[in-house]
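Please look over the structure shown here. Some questions and answers follow.

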Amino acid sequence: MPDVNWENKLLREKFDYVTARAVAPMNILLEYCMPFVEIGGKFISYKANAEEEIIEAKNAIKTLGGKIDKVKNYNFFLHLHLLLHQVL
């Protein structure tokens with residue numbers, strides 16, 4: 001199996017869905033994950049401070065060719081927001 005890292009060109013734009021939890025700030029997380037999402041696919045991230053992070057990540061979303069498709073709120077033990085980013 002090839003190395004799973006963002007520099008691996010064999011895996012670029014190969015996945016319908018890519019998911020991540022609160023690993024890094026949204027703008028950094030987008031840089032890590034969006035290259036793996038195929039055109040028309042979705043990147044799904046779980047964030048606690050979604051509103052703030054969306055504002056901070058607007059430039060990264062635009063630069064990486066995405067758009068925010070949906071934001072869903074869930075209350076588990078923490079208040080989490082599910083963000084769906086579609087690759088255009």
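5 bridges join β1 (residues 15-20) to strand β2 (residues 37-47), and the two run parallel. This is a predicted model, in which local features need pLDDT of at least 70, side-chain atom pairs count only at pLDDT 80 or more, and totals for chains, interfaces and linings use all residues. Residues are numbered from 1 along each chain as its sequence is written, and side-chain values use heavy atoms, with hydrogens and water left out.

Visitor: Which residue stands opposite Val37 in β2?

Guide: Strands are DSSP runs of E with at least two residues, helices are runs of H or I with at least four, and both are numbered from the N terminus. Two strands pair if DSSP finds at least two bridges between them. Opposite Val37 in β2 stands Phe15.

Visitor: Is Leu11 buried or exposed?

Guide: Leu11 lies in the segment before β1. Buried means under 20% relative accessible area, exposed over 50%, and partly exposed in between (1.4 Å probe, protein chains only). Because its relative accessibility is 13%, Leu11 counts as buried.

Visitor: What is the relative accessible area of Glu13?

Guide: Glu13 is also placed in the segment before β1. Glu13 is partly exposed, because its relative accessible area is 47%.
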